[in-house]
Amino acid sequence: CGLSGILAGIRLSQAGLPFTILDKNAGPGGTWWENRYPGARVDVGSHQYCYSFEPSDHWSEYYCQHSELRDYFIRVVDKYGLREHCRFETTITAVTWDDEQGRWHVEVEGPDGTSEVIDARFVVSAVGSLNLPRMPDIEGMDTFDGPSFHSARWPEDLDISDTRFALIGAGASGFQIAPTIAGEVEHLTIFQRTAQWVLPNPIYHAKVPDGETWAMRHLPFYGRWLRFMMTQPGLGSGVESFRIDPDHVDPHNQSVNAANAASRDLLLDWMHEQLADRPDLIEKVVPDYPAMGKRVLQDNGSWFQCLKRPNVELVRTGIDRIVPEGIVTVDGTLYSVDAICYATGFRHNEFVAFDMTGRGGVSLHGQWGDEPSAYLGITVPNFPNLFLCYGPGTNLAHSAGLFFHAEYQTMHAMDAIHRVLTSGARAIEVRQDVHDRYTDELVRQISSLVWAHPTIQHSHYKNPDGKVY
């Protein structure tokens, strides 16, 4: 019941089809129900990070915070009467295709631990990719004396005032947490494995002016024009600026073509400007891989100002182990801390978190291995009447947002369901040759773009073999 599941429910309701939405959480919103850490906010403009058919004139900030996003999903669920179709705190344990009956058997476990099987003709997997915490494999994690947790499981009653706080990871989540809590804790130690490219964005924490809200509500099409102008510059420019030029030379491996080098220079200038009075930090924050090659972080200056605080330390030395009193790095230094937050990301490339068995007893995870694939990121051979939202190959790495993809993915699923029901067919399934042709071309194209650059390590776009999915 995150953004894609709610959307699928709306479209199925409008089509007059019976449906059930299953969700492991206690309420709607998916990742925005779960992520409640200090400073959690969207990094795609709010006015495009919403359904195209729902007015976007209510956002209080250009990049709104988690509580406002959660309230938005609750409001949409109630507006479209979806709550009666929802079963919250329900975990899916297995999904199996019955070829004889032409139906899916969905095994679930309810909030009281009771198991049951739900039969469904079609399954839309809208489980997302940014909701299964990825914990690091560090010796001694279970020996730490204080509270320790993943950023997506931030304890509601946690008091961090005057604590020595450790933040392991400084990607998208850690980047938001650190500036938010730095003024509350006694000391903040940030352990960062990989430096991140940072895009200057002066309105990242800005409120939407009353006049702009008024214009969206009263000037015809102004809101839609604003949404278009936030989306089109990235999508409309295509991917050529991200393509690896084999003749381009960059001794520091920070760019892949001339246009990318220009972007690199702008980002480097921003970093140097922000840290002009702290040259000791420059070397720590400058990435050693091409600009735009990983998820780019946005900043209005709060991140760099946080790093310059006297009670904040950025540690780029690797972690060796965790002991009861704190964290020991590979050089033998002990950092004594009272609490640890693992802002270490998610199990992004699993795509489907439960066991799924398709036609002929084929396991989805077995078929995929470390190379998940789906036609248009939506349909998979051997898995009839199954539609994925945010499936393999559908990351938006340079513009727009997941709402943009979700609306097209759901449209594709609804069209396929319509064809089955109106033709008297039992099932619909992508042909293997069509899937293979699409996948081969997708891999060929992505392999030539910056996100596949061999210098980029620890990217959630890549599988263990370094391929982008």
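Is Arg41 buried or exposed, and what is its relative accessible area? In this predicted model, Arg41 is buried, with a relative accessible area of 9%.

**Salt bridges**

The side chain of Arg41 forms a salt bridge with Glu61, and the closest N and O atoms of the two are 3.0 Å apart. Arg41 lies in the loop between helix 2 (31-34) and helix 3, and Glu61 also lies in the loop between helix 2 and helix 3, so the pair ties together parts that are 20 residues apart in sequence. Glu61 is buried as well, its relative accessible area being 4%.

| Pair | N to O distance |
|---|---|
| Arg41 and Glu61 | 3.0 Å |
| Arg243 and Glu240 | 3.0 Å |
| Arg437 and Asp433 | 4.0 Å |

In the pair formed by Arg243 and Glu240, whose side chains meet in a salt bridge, Arg243 is partly exposed at a relative accessible area of 22%, while Glu240 is exposed at 51%. The salt bridge between Arg437 and Asp433 is set within helix 12 (residues 432-446), where the two residues are four apart and are thus separated by about one helical turn. Arg437 counts as exposed, with 53% relative accessibility, and Asp433, at 38%, counts as partly exposed. Beyond these pairs, Lys24, Glu34 and Arg153 are linked in a network of salt bridges.

**A buried arginine without a salt bridge**

Arg70, which has its place in helix 3 (residues 66-79), is buried yet has no salt bridge. The nearest side chain of opposite charge belongs to Asp71 and is 5.2 Å away, whereas a salt bridge requires a side-chain nitrogen of Lys or Arg to be within 4 Å of a carboxyl oxygen of Asp or Glu. When its neighbours within four places in sequence are left aside, Arg70 is in contact with Pro28, Trp32, Trp33 and Arg36.

**A nonpolar surface patch**

Which residues form a nonpolar patch on the surface, and about how much accessible area do they have together? The patch is formed by Trp225, Phe228 and Met229, which together have about 330 Å² of accessible area. Of these residues, Phe228 lies in helix 6 (residues 222-236) and is partly exposed, with a relative accessible area of 47%.

Strand 13 (residues 319-323) and strand 14 (residues 326-329) run antiparallel and are joined by four bridges. A hairpin connects strand 13 to strand 14 through two residues, and Val323 has Gly326, in strand 14, as its bridge partner.

Strand 14 is also joined to strand 15 (residues 334-336), through three bridges, and these two strands likewise run antiparallel. Here Val328 stands opposite Leu334, which is in strand 15. Strand 14 and strand 15 form a hairpin with four residues between them, and in the turn Gly332 has a positive phi of about 90 degrees. Strand 14 therefore pairs with strand 13 and with strand 15, given that two strands pair if at least two bridges are found between them.

Terms used:
Residues are numbered from 1 along each chain as its sequence is written. This is a predicted model: local features need pLDDT of at least 70, side-chain atom pairs count only at pLDDT 80 or more; totals for chains, interfaces and linings use all residues. Side-chain values use heavy atoms; hydrogens and water are left out. Buried means under 20% relative accessible area, exposed over 50%, partly exposed in between (1.4 Å probe, protein chains only). Lys and Arg count as positive and Asp and Glu as negative; His and the chain ends are not counted. Contact means heavy atoms within 4.5 Å. Patches are made of residues with over 30% relative accessible area and no salt bridge: like charges are joined within 9 Å, nonpolar side chains (Val, Leu, Ile, Met, Phe, Trp, Tyr) within 5 Å. Accessible areas come from the Shrake-Rupley method with a 1.4 Å probe; for residues, only the protein chains shown count as cover.
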